[in-house]
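Subject: Structure for your review

Dear colleague,

Please find below the structure that I am handing over to you. My findings follow it, beginning with the aromatic residues.

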Amino acid sequence: MRLSQLFENTPRRVILSFQNGKGQVFNESVSIGFRAINEDDDITYEYPESEGWIYIYYVELQHNGQSGRASEVLKYLTNWLDANNKIALLMPAASGKLSQDDLIAWYERNGFELEPSRHMIRYPK
C-alpha cells in the first residue's frame, strides 16, 4: 500500500515514529527516514563527537505528492529534534527536477549548515 492510500480519507497530518534508534516521519506525499548514529558508524571517523546524533538518510517523494509537503514534514522533524535536543546530520543528494544547489538552499532555510565535507549539520534551537 502506498502512503497516499493511507491518507485518502483522513485529514492531512504528519506522523513521526522513533523506536530502537530508527525513525520515520511522513505524510501522504513525503517520507523521511532517520536513525541514531552509534559508535560503529563510519561517520564517527569524520565526526567523532557524532555518536547519539540523528542521521537523516532519505527523503522520498510520492509520485502524486503535493507541492510544499516536504517542507511540512522536515519542519515536523526539526521540531522533534529541537524538543529532544538532538543534532542532525545528512548528506544532500539531489535527484529529479531539484538541483543540488536548490536542495542545499532548502536545507539551509531549515537550519542546516553546509560543512566542508559536504555534509550538512543542524544544531538544536
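Rings of Phe, Tyr and Trp, the last represented by its six-membered ring, are taken as a pair if their centres lie within 6.5 Å; planes under 30 degrees apart make the pair stacked, and planes over 60 degrees apart make it edge-to-face. On that basis, Phe-18, Phe-34 and Trp-80 form one aromatic cluster. Please note that the model is a predicted one.

Aromatic pairs

By this rule there are seven aromatic pairs. One of them joins Phe-18 and Phe-34, whose ring centres are 5.6 Å apart with 10° between the planes, and is stacked. This pair connects distant parts of the chain: Phe-18 belongs to strand β1 (residues 15-19) and Phe-34 to strand β3, 16 residues apart. Phe-18 has a relative accessibility of 31% and so counts as partly exposed, whereas Phe-34, at 0%, counts as buried.

Tyr-57 and Tyr-58 supply an edge-to-face pair, with 5.3 Å from centre to centre and 70° between the planes. Tyr-57 is partly exposed, with a relative accessible area of 42%; Tyr-58 is likewise partly exposed, with 28%.

Overall organisation

The protein contains four helices and seven strands. Along the sequence they follow the pattern α-β-β-β-α-β-α-β-α-β-β. Of its 125 residues, 40% count as buried. Among contacts between residues at least 6 apart in sequence, 56% join residues at least 24 apart.

Nonpolar cores

The largest nonpolar core comprises 21 residues, and those with the most contacts inside it are Val-25, Ile-32, Phe-34, Ile-56, Leu-77, Tyr-107 and Phe-112. Two or more residues each come from β3 (30-36), β4, α3, β5 and α4. Helix α3 gives the most to this core, with six residues. Apart from this core lies another, of eight residues, including Tyr-55, Ile-87, Leu-89 and Ile-121.

What surrounds Ile-32? Beyond its neighbours within four places in sequence, Ile-32 is in contact with Gly-23, Gln-24, Val-25, Ile-56, Tyr-58, Val-59, Val-73, Leu-74 and Leu-77.

Helix α4

In helix α4 (residues 100-109), the buried residues include Leu-103, Ile-104, Trp-106 and Tyr-107. Viewed down the axis of α4, its buried residues fall within an arc of 155° and therefore line one face of the helix. The face turned away from this buried side carries the exposed residues Asp-101 and Arg-109. The cover over the buried residues of α4 includes β4 (54-61), α3 (69-83), β5 (88-90), β6 (113-114) and β7 (120-122). Just after α4, Gly-111 adopts a positive phi of about 95°.

His-119

His-119 is located in the loop between β6 and β7. With a relative accessibility of 7%, His-119 counts as buried because the cut-off for that class is under 20%. Its side chain makes a polar contact of 3.0 Å with the side chain of Ser-117. Leaving aside neighbours within four places in sequence, His-119 is in contact with Ile-43, Glu-46, Tyr-47, Leu-89, Leu-90, Met-91, Glu-113 and Leu-114.

Yours sincerely,
A colleague

Note on methods:
Residues are numbered from 1 along each chain as its sequence is written. This is a predicted model: local features need pLDDT of at least 70, side-chain atom pairs count only at pLDDT 80 or more; totals for chains, interfaces and linings use all residues. Side-chain values use heavy atoms; hydrogens and water are left out. Buried means under 20% relative accessible area, exposed over 50%, partly exposed in between (1.4 Å probe, protein chains only). The arc is that of the directions from the helix axis to the C-beta atoms. Contact means heavy atoms within 4.5 Å. A nonpolar core is a set of buried Ala, Val, Leu, Ile, Met, Phe, Trp, Tyr and Cys residues joined through side-chain atoms within 4.5 Å. A polar contact is a pair of N or O atoms within 3.5 Å; within protein, one must be able to donate a hydrogen and the other to accept it, and residues adjacent in sequence count only if both atoms are side-chain atoms.
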